[in-house]
Amino acid sequence: MTKIQAFPSLWLLSDERNDAVLGDALARLPRGSGFIYRHYHLPDPERWERFRALRHLALSRDHTVILADSALTAREWGAHGIYGAPRSLYPQRGDLLQLATAHDLREIADAQRFGADAILLSPAFPTNSHPGAPALGPTRFRLLAARACVPVIALGGMDERRAARLDWPCWAAIDGLS
């Protein structure tokens with residue numbers, strides 16, 4: 001898999017909830033956006049088949065394709081990188097883009113220590129996936145993000161309106177882009 005040309009500012013995450021509309025969502029994203037394939041709900045053979053179809057569409061739009069899995073699987077499946085908890089990135093995978101999840105300052109530090117190229121900091125706002133869970137909100141989000149030495153991608157309840165409210169250059173969504 002070739003390296004990406006520029007780090008995307010807009011990211012779509014896959015989920016069981018948005019599976020039926022992922023093809024349309026990938027086609028509507030601006031060229032060169034990012035796509036994080038999770039689909040934890042599928043058994044391995046079906047997960048691979050769905051990934052393969054979505055990867056083909058994503059690559060036709062010059063999107064960066066990230067897999068929530070091991071570095072070995074990401075290489076085998078032809079992804080640009082991996083996504084997961086900071087410790088899942090260790091040891092460093094120099095040939096793959098590494099996106100780490102973080103929810104607090106400790107996880108931001110872990111992500112940097114374990115070699116993340118970028119951090120998905122969440123939840124910026126209340127989410128459909130975790131109803132009732134506390135959200136960071138714009139002020140706390142920006143305070144935490146300012147402590148990172150790598151790009152930070154806002155995640156959690158994000159859509160175009162909330163991205164404008166947050167006034168943050170990189171954001172990701174599940175429902176908000178589907």
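Start by selecting Pro 123, which sits in the loop between strand 6 and helix 5; helices here are DSSP runs of H or I with at least four residues, strands are runs of E with at least two, and both are numbered from the N terminus. Show the backbone: the peptide bond from Ser 122 to Pro 123 is cis, with omega near -10°. Most peptide bonds are trans, and most residues other than glycine have a negative phi.

Before moving on, two housekeeping notes. This is a predicted model, in which local features need pLDDT of at least 70 and side-chain atom pairs count only at pLDDT 80 or more, while totals for chains, interfaces and linings use all residues. Residues are numbered from 1 along each chain as its sequence is written, and side-chain values use heavy atoms, with hydrogens and water left out.

Select Asp 62, in the loop between helix 2 (44–60) and strand 3. Its phi is near 60°, a positive value in a residue other than glycine. Asp 62 is exposed, with a relative accessible area of 52%; exposed means over 50%, buried under 20%, and partly exposed in between, with a 1.4 Å probe and protein chains only.

Now jump to Asp 167, found in the loop between helix 6 and strand 8 (171–173). Here too phi is positive, near 55°, in a residue other than glycine. Asp 167 counts as exposed, at 62% relative accessibility.

Colour helix 5, residues 137–145, and pick out its buried residues: Gly 137, Pro 138, Phe 141, Leu 144 and Ala 145. They cover an arc of only 135° around the axis, so they lie on the same side of helix 5; the arc is that of the directions from the helix axis to the C-beta atoms. Turn to the face pointing away from that buried side and you find the exposed residues Thr 139 and Leu 143.

What do the buried residues of helix 5 pack against? Their partners are helix 4 (105–113), strand 6 (118–121), strand 7 (152–154) and helix 6 (160–166). Contact, for this tour, means heavy atoms within 4.5 Å.

Step across to helix 4, where Glu 107, Ile 108, Asp 110 and Ala 111 are buried. Their arc around the axis is only 160°, which puts them on the same side of helix 4. These buried residues pack against strand 5, strand 6 and helix 5.

**Along strand 4**

Next, select strand 4, residues 81–84. Gly 81 and Tyr 83 point one way, Ile 82 and Gly 84 the other, and all are buried. In a regular strand the side chains alternate between the two faces of the sheet.

Strand 3 (residues 64–67) runs parallel to strand 4, joined by two bridges, and Leu 67 stands opposite Ile 82. Strand 5 (residues 97–102) also runs parallel to strand 4, through four bridges, with Gly 81 opposite Leu 97.

Now bring in helix 3 (residues 71–77): with strand 3 and strand 4 it makes a right-handed β-α-β unit. Right-handed means that, with the strands pointing away from you, the path from the first strand over the helix to the second runs clockwise.

**Into the core**

The largest nonpolar core has 42 residues, and Leu 12, Phe 35, Leu 121, Phe 141, Met 158 and Trp 171 touch the most other members. Such a core is a set of buried Ala, Val, Leu, Ile, Met, Phe, Trp, Tyr and Cys residues joined through side-chain atoms within 4.5 Å. A second, separate core of 15 residues includes Trp 11, Ile 66, Ala 68 and Cys 170.

Centre on Leu 12: leaving aside neighbours within four places in sequence, its contacts include Leu 22, Phe 35, Ile 174 and Leu 177.

How many disulfides does the structure hold? Zero, counting a disulfide as a pair of cysteine sulfur atoms within 2.5 Å. The sulfur of Cys 170 is 16 Å from the closest cysteine sulfur, in Cys 149, too far for a bond. Cys 149 counts as exposed at 70% relative accessibility, whereas Cys 170 counts as buried at 11%.

Finish on Arg 28 in helix 1 (residues 22–28). Arg 28 counts as exposed, at 54% relative accessibility. Beyond its neighbours within four places in sequence, Arg 28 is in contact with Leu 177 and Ser 178.

Methods. Pairing = 2+ DSSP bridges.
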